[in-house]
Amino acid sequence: MTKSTPAIVILGQSALSTARRIQQVYPAAQIHGLAGRVEGADCSYQEFGATLRALYQQDTPIIALCAAGIVIRTLAPLLIEKGAEPAVLAVAEDGSTVVPLLGGLGGVNVMARKIADALQVSAAITTSGELRFGTCLLNPPSGYALADLEQGKRFVSDLLAGHSVRIDGAAPWLDQAQLPEDPQAQHSIHVSSAEREASANELLIHPRSVAVAVSADVADLSSAIRTALQQTKVAQQSLACLLAADHEMASASLREAALELGVALRFVAAQSDLEALATVAMPAAKVVRANGLAIAIAELPLDVASIGRPRGRLAVIGLGPGAAELMVPAVKAELARCTDVLGYETYVRMAGPFRDDQVQHCTDNREEMQRARHAFRLAAEGRSVIVVSSGDPGVFAMAAAVLEALHESDDPAWHSVDLEILPGVSASLATAAQAGAPLGHDFCVMSLSDNLKPWSIIEKRLDLAAEADLALAFYNPISRARPWQLGRALEIVAQHRRPETPVVLGRDIGRPGQTLRTTTLGALTPDQVDMRTMVLIGSSTTCTFPRVTGGDWVYTPRWYGERPAS
Ligand code: SAH
């Protein structure tokens, strides 16, 4: 079953309002709009066919607001190999019809019904088993797994051919179904965590009702877990999570085992042994020992979120300069999974929209250390926290503050947090790219703010960097509280550079109303610059030439001194 967030793809402006209604059903889904035709989508694409095929190949469920025929023709070349496929739906752009097209096992009919409910229309379901029985037996709800798909298909054909069925075990989701039930039937749907060969007339479904208590010391942990399950004759598909003592939270072997088995990892306070640990975590379950581990077996699927707690996560992310296209995919994924967002209000707003279940903690820009500690307190509770910076979080932003907070803490819970820094496109690089390649050779990045360092060291570095003939990128060039510093900085640079030296000023790059100007060191005055501006000053080799579209290209050649023969 596909679990990933769907993509909503639209071709024209008229589809946007229906797309937004569908987005309420899938809040993490992004609306992809055709560039030049759709304004106000979450992201834009150039070519419909290539976009749809790429989504399909990445196994992303697709909700396309256009004619079913267009979707079919576009994906046709990819359909021959019918393995696992994502759900694909066509929705009329006015929201009047929902047509599930592909991905019956990817839950397409479930999605179609959900979307149709939200749009208050009915879904065009055509799957015979589903129509007859009101449920797709081959696609049990989350918390259950089908033991064997091929066998399942035979079983459903048998029922369609008129056989009756009995249900063995707890299958609450089938209460609503219209199955031809008969307690004497030869065919049975058997729901249990027991591992065994299905008999000819049986549909085996495993509830995810089992947890294994483990310790990080066990060698080759994932195989040890598989062996323990085999010894107790528990189906691996019933495994829902691993349990471990919370002092082992940072263990890489636990993380790898959970990842390899595709299950959650939860922590509880250490106990005398693993059996006691399993019992504390799941008091109602039957606990058995196997292969040095303890297996807790419950009747119904586990509500993993209510067992112990997860390892907390703290991601310090960079949004890039502003435009959604310049945000790295890892950051987008992090924004979708987090439970808590911390950051300066402007950046938190830029990172949104967030779902109702995601808590936003907006703060003033200056309280960086307080924000970093707050983030660790939340993550140490088991939450999944992001700290938002613009550009790159490691460039005059939150990553260093977060590491400083961790460095000065001796709280083991803070050090056990899953900490990751996710990069972004920094303002100097975004500005340089728009101007051409002014940073194409060695360059020096400086913040002109003397809030956290003495002005004397700024002057010294400016002087030496300018003397070394490095191109210069100035962050925080000026502010109301620091009105004279930029003028002084330019005087120092002018001692080493000619007045014709190219200068690039990028303001609000990647944001609405962005401006890019090219000028020279001689013509540059501080009043042309504000705190939302990036200042790039060329070296002695930086040059400019006109673009046919107006303005200039600015670049610094890769070589220095003699131009190499080409
Ligand atoms: N972490 C950020 C920089 C934070 S310092 C990054 O990597 O981009 C803040 C300074 O960055 C601002 O004073 C301005 O000089 C520059 N800046 C940030 N975003 C910008 C943008 N979109 N356009 C131009 N300059 C920007």
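Visitor: Of the 20 residues around the ligand, which come nearest?

Guide: The model is predicted, so local features need pLDDT of at least 70 and side-chain atom pairs count only at pLDDT 80 or more, while totals for chains, interfaces and linings use all residues. Residues are numbered from 1 along each chain as its sequence is written, and side-chain values use heavy atoms, with hydrogens and water left out.

Val395, Ser426, Ala427, Met531 and Thr533 come nearest among the 20 residues around the ligand, a residue being near a molecule if one of its heavy atoms lies within 4 Å of it. Ser426 places a polar side-chain atom 2.6 Å from an oxygen atom of the ligand. Val395 takes part through its backbone, where a polar atom is 2.8 Å from a ligand nitrogen. For Thr533, a backbone N or O atom lies 2.7 Å from an oxygen atom of the ligand. The ligand exposes 540 Å² when taken alone, and the protein buries 94% of that; these accessible areas come from the Shrake-Rupley method with a 1.4 Å probe.

As to composition, the shell around the ligand holds 10 nonpolar, 6 polar and 4 charged residues, where Asp, Glu, Lys and Arg count as charged and Gly is among the polar ones. Domain 4 (313–425) and domain 5 (428–555) each contribute at least three residues to this shell, with bounds taken from an automatic or database domain assignment.

Definitions and conventions. A polar contact is a pair of N or O atoms within 3.5 Å; within protein, one must be able to donate a hydrogen and the other to accept it, and residues adjacent in sequence count only if both atoms are side-chain atoms.
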